[in-house]
Amino acid sequence: MKKTDIITTALASFALLSMTACSTTPTDMTKANIIPKPVSVTATGETFTLTPNSDIYVQEGMDEMLNIGQYLADKLNPSTGLEMKVISDGRKPGKGDILLELSSGDSLLGDEGYEMVVTGKLLKITANKPAGLFYGVQTVRQLLPAKVELTTLQEGPWEIPTGTIRDYPVYSYRGAMRDVARHFFGPDDIKTFIDQMAAFKMNALHLHLSDDQGWRIEIKSWPNLALHGGSTEVGGGEGGYYTQEQYSDIVKYAQDRYIIIIPEIDMPGHTNAALSSYPELNIGGKATELYTGIKVGFSTLDTKSEVTYKFVDDVFRELAALTPGPYLHIGGDESHVTKLEDYIPFINRVQDIVTAHGKQVIGWDEIALATLKPDVIVQYWARADNAIKGVNQGAKVLMSPSKYAYIDMKYDSTSIYGLNWAGFIEVDHGYNWDPASLVPEIKRDNIIGIEAPLWAETVSNREEAEYLLFPRLLGYAEIGWTPAEQRSWDEYKLRLAAHGERMEAMGIKFYRSSKVEWAGQK
Ligand code: TNX
């Protein structure tokens, strides 16, 4: 053979090989790369195939089920071209159909779990509550080839290995935080992020709505907060804010994806945007200048003035009315210029205000220095001794340890965005920890869940944010969902590698960490 012939033959067989690799019929469900990792997967060695006859069947007369069915159809139809419809008229599913069914009695599944039974004929998801069906639907997406996530027509076959998945989360709060105060992110960016969270079964989005650099939510009784306080951001850009209508629209969008919104108004520190909008909130009664730098800890509300409490009451009354979720976040961090003897009575009073509006308080770990009311949640970020003080007062803890869970930390010294005051957080480091054994005094039963915050001093648009968020967010989603005993980095990194293609198809601009051997690496 001539050299060129050898090369041609080699190329041809390589092409053939890679084509067969792509079209290999999946038969082993235990090999599916699902994130977060399901609690149990049992394979039965066959294949289920979606065909042009496939439809999605849901129980009759339930709008919420129709919505979940339609959500799945809307995800699958553009790429598969199968034009699946949602059927809810009592007809029975046939070969190649998907069935979503509520049923009670499987108490192990809880409120968010699901069971998926896939045979050669039918893909059936059952759950006690709609949320469980919604999470089952996310698993269906991940059982299909990554290209299913594209929004243009792709070639099939659309096959899924058969077997049974039983799945439910270890923590009830699986969250992320977006700081829209340091740099403003508009409703469309937040909705995109909500879709991304939903794909990995996360259920809580904390919005950091106010800080020194910006106030991002319209408050009708204090209009200057948004108008003036929202008019800039870090670096001096034009900032922005959500109207109440836009905020409600985000809340609804999240609700449709089984995600609650937790609005935060940070106080008494981190308040320069408010102090600059209303002179009466300042000690001394003089408004401050707007601030576009990235220092922390220099501002405080006047904790001794009644106007301050009127302000807090008005703001939380309006926010409580707009927020169906159970929580309001009062911040409380880094109030370095508020004396402790002023900070404690302030936090005590603010807790009463939030409670009076029918909501449960969440605050950063410093609030445990005050006398916590029942049901308060302490968000551990910096000081374990504070969080332990909370536990000793009967509070539950939300785990956001900055050394592991801060998505604004750089991956390593070469990262283009991010800070590093809590250290570098490579993808393995961010994954390799267990919320229930990090601080010996904080036990599984004290913890409601985990949250990964993205502070936004260094990121100002969707692409920059995604560089820090992905792929780390997938790891946090898994820490919140999958029991620690079932997780290991060596196994996770293989599933994560397979998700490179999937994130790409989802339009996510993720950081290609060298800790992961990304499939189809460019
Ligand atoms: C500390 S975390 C802060 C934020 C900063 C962040 C930067 C917390 C409760 N306070 O104000 O944005 O560090 O990483």
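These legends walk through several close-up views of a predicted protein model.

Residues are numbered from 1 along each chain as its sequence is written. In this predicted model, local features need pLDDT of at least 70 and side-chain atom pairs count only at pLDDT 80 or more, while totals for chains, interfaces and linings use all residues; side-chain values use heavy atoms, with hydrogens and water left out.

**View 1. Confidence along the chain.** The protein has a mean pLDDT of 95, where pLDDT is the predictor's confidence in each residue, from 0 to 100. Helices (H or I, at least four residues) and strands (E, at least two) are DSSP runs, numbered from the N terminus.

**View 2. The ring pair of Y411 and Y467.** A search of the whole structure finds 26 aromatic pairs. In this one, the ring centres of Y411 and Y467 are 5.7 Å apart and the planes stand at 90 degrees, so the pair is edge-to-face. Rings of Phe, Tyr and Trp (its six-membered ring) pair if their centres lie within 6.5 Å; planes under 30 degrees apart count as stacked, over 60 as edge-to-face and the rest as tilted. Y411 is buried at 1% relative accessibility, and Y467 is buried at 12%. Buried means under 20% relative accessible area, exposed over 50%, and partly exposed in between (1.4 Å probe, protein chains only).

**View 3. A ring cluster and a charge over W481.** Ring pairs link Y71, F134, Y135, Y258 and W481 into a cluster. The charged end of K201 sits over the ring of W481, 5.8 Å from its centre. For this, NZ of Lys or CZ of Arg must be within 6 Å of the ring centre and within 35 degrees of the ring normal.

**View 4. The salt bridge of R257 and D195.** The closest N and O atoms of R257 and D195 are 2.7 Å apart. A salt bridge is a side-chain nitrogen of Lys or Arg within 4 Å of a carboxyl oxygen of Asp or Glu. R257 lies in the loop between α6 (244-255) and β12 (260-267) and D195 in helix α4 (residues 187-199), so the bridge ties together parts 62 residues apart in sequence. Both R257 and D195 are buried.

**View 5. The salt bridge of E491 and K37.** Here the side chains of E491 and K37 meet at 3.9 Å, N to O. Helix α15 (residues 489-505) holds E491, and the loop between α1 and β1 (40-50) holds K37, so the pair ties together parts 454 residues apart in sequence. E491 is partly exposed at 28%, as is K37 at 22%.
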